[in-house]
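This briefing covers one protein model, grouped by topic.

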Amino acid sequence: MKKKILVTGGAGYIGSHTVVELQNAGYEVVIIDDLSNSTIEVLDGIEKITGIKPVFVKLDLNDKAGLRKVLEENKGIAGIIHFAASKAVGESVQQPLKYYRNNIVTLLNLLDLMPEFHIQGIVFSSSCTVYGQPDILPVTEDAPIKPALSPYGNTKQINEEIIRDTIYAGVPFKSIILRYFNPIGAHPSAEIGELPNGVPQNLVPFLTQTAIGIRQELSVFGDDYNTPDNSCIRDYIHVVDLAKAHVIAMDRMLENKSEEKVEIFNLGTGRGVSVLELINAFEKGTGVKVPYKIVGRREGDIEKVWADPERANKVLGWTAKESVEDTIVSAWNWQLKLQERGIQ
């Protein structure tokens, strides 16, 4: 058995897929999640895939005393993967204090307690939002950080700075910061996937819910962008590929292979796909038509962004392997599984 890892937000979308990959790699996992944007049934899906139900603690990470108790009761945690955060861009504009509290104070609590419990490293879930609309595409890790377009994006920038400042002050742990592009899809077993509460904020769950009849039609925000088909372009990465990168990052920290005390990697495919291309890929892969309408631009949306993943490819030995077509079909299979279970 490999070492014990704490996964915050481990019942969420990316967190649950990462727990599966950690357990498949032999790690013992402890999940902390407040279930504000996830459900406890996710643990059953993880167990069906891996044969192991991870230790689970329901906790709001703003509760520092509660976090200390979890660390005391689960001795020997070697590393942390920190996903737990509020993540809806629009909501963050409406409720900035909620986002600063949930996304920054929780990280402070973790970093504060790590030396006390001899935790060796933390993998931080960051985002390509830190780049804003990049001047040069594809985006490398050396691209300038642009002013954030939302409180959500700002919390990612601030948290990266907090991690750097804390580690450069001489604490006895390392960090790897992973800047995600656009995770989509679901586990090939269709036992776990993206399950937003209420109306989805992200494109793919809204698309699959529209295709299955839960939503009336999909809104495509803007058709006047400077792109080949005039819709926004993103770098869509399969969530399982993304999850595997976290295991490699954790291995790297715990085996002391990291060259610096703080390392940053872009996680993307290196291929830009437009919103309309994604809809076409879905229709081609599933044979299901998606009713959609073009509406005005959405505030805060970036025109086009995709990754240069060369550093992750070379240094981590990680590559995104799944095609957009297979990824979007996996999201549809998950939606069909939810329908079988009576979940809408």
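The second largest pocket of this predicted model has a volume of about 210 Å³. Of its 20 lining residues, Glu 194, Leu 195, Pro 196, Gln 209 and Leu 338 are the closest to the centre. The points below start with that pocket and then turn to other parts of the chain.

**Second largest pocket**

- Two helices, H7 (203-212) and H11 (324-340), each supply at least two residues of the lining of the second largest pocket.
- Sorted by class, the lining of the second largest pocket consists of 10 nonpolar, eight polar and two charged residues.

**Helix H11**

- The 17 residues of H11 should span 24 Å at 1.5 Å a residue, and the end C-alpha atoms are 25 Å apart, which agrees.
- Buried residues in H11 include Val 324, Thr 327, Ile 328, Ser 330 and Ala 331.
- Trp 332, Trp 334, Gln 335, Lys 337 and Leu 338 of H11 are buried too, and Leu 338 is also one of the residues closest to the centre of the second largest pocket.
- The cover over the buried residues of H11 includes two helices, H7 and H9 (275-286), and the strands E7 (182-184), E10 (236-238) and E12 (273-274).

**Leu 207 in helix H7**

- Leu 207 is part of helix H7.
- Leu 207 counts as buried because its relative accessibility is 0%, the cut-off for buried being under 20%.
- Not counting residues up to four places away in sequence, Leu 207 touches Leu 218, Ile 279, Phe 282 and Val 290.
- The C-alpha atoms of Leu 207 and Ile 328 are 9.9 Å apart, with a separation of 121 residues in sequence.

**Helix H8**

- Helix H8 (residues 239-254) has 16 residues, and the distance from its first C-alpha to its last is 23 Å, close to the 22 Å expected at 1.5 Å a residue.
- H8 is largely enclosed by the rest of the structure, because 14 of its 16 residues are buried.
- Asn 256, which follows H8, has a positive phi near 55 degrees.

**Largest cavity**

- There is one cavity of 30 Å³ or more, and the volume of the largest cavity is about 40 Å³.
- Strand E5 (121-127) and helix H6 (151-168) are the elements that give two or more residues to the lining of the largest cavity.
- H6 provides the largest share of that lining, three residues.
- Residues lining the largest cavity include His 82, Phe 83, Asn 103, Phe 124, Lys 156 and Asn 159.
- By class, the lining of the largest cavity is made up of four nonpolar, five polar and one charged residues.
- Asn 159 belongs to helix H6 and counts as buried at 2% relative accessibility.
- Beyond its neighbours within four places in sequence, Asn 159 is in contact with Asn 103, Ile 104, Leu 107 and Phe 124.

**The loop between E2 and H2**

- Ser 38 sits in the loop between strand E2 (28-33) and helix H2 (42-50).
- With a relative accessibility of 11%, Ser 38 counts as buried.
- The side chains of Ser 38 and Asp 33 are joined by a polar contact of 3.1 Å.
- Setting aside neighbours within four places in sequence, Ser 38 is in contact with Ala 11, Gly 12, Asp 33 and Asn 197.
- Leu 35 lies in the loop between E2 and H2, and it counts as partly exposed at 22% relative accessibility.

**Backbone geometry**

- Most residues other than glycine have a negative phi, and most peptide bonds are trans.
- Leu 35 is not a glycine but has a positive phi near 60 degrees.
- Ala 190, likewise not a glycine, has a positive phi of about 60 degrees.
- Ala 190 is in the loop between E7 and H7 and counts as buried at 9% relative accessibility.
- The peptide bond joining Leu 137 and Pro 138 is cis, with omega about -5 degrees, and Pro 138 lies in the loop between E5 and H6.

**Glu 72**

- Glu 72 is located in helix H3 (residues 64-73) and is partly exposed, with a relative accessible area of 38%.
- Glu 72 and Pro 96 are 24 residues apart in sequence, and their C-alpha atoms are 32 Å apart in space.

Definitions and conventions. Residues are numbered from 1 along each chain as its sequence is written. This is a predicted model: local features need pLDDT of at least 70, side-chain atom pairs count only at pLDDT 80 or more; totals for chains, interfaces and linings use all residues. Side-chain values use heavy atoms; hydrogens and water are left out. Helices (H or I, at least four residues) and strands (E, at least two) are DSSP runs, numbered from the N terminus. Buried means under 20% relative accessible area, exposed over 50%, partly exposed in between (1.4 Å probe, protein chains only). A polar contact is a pair of N or O atoms within 3.5 Å; within protein, one must be able to donate a hydrogen and the other to accept it, and residues adjacent in sequence count only if both atoms are side-chain atoms. Contact means heavy atoms within 4.5 Å. On a 1 Å grid over the protein atoms alone, a cavity is a set of points where a 1.4 Å probe fits but cannot get out, and a pocket is an open set with protein on both sides within 12 Å along at least five of seven lines; lining residues have an atom within 4 Å of a point. Grid points are joined across faces, edges and corners, and a volume is the space filled by probe spheres set on the points. Ala, Val, Leu, Ile, Met, Phe, Trp, Tyr, Cys and Pro count as nonpolar, Asp, Glu, Lys and Arg as charged, and the others, Gly among them, as polar. The expected span of a helix is 1.5 Å times one less than its number of residues.
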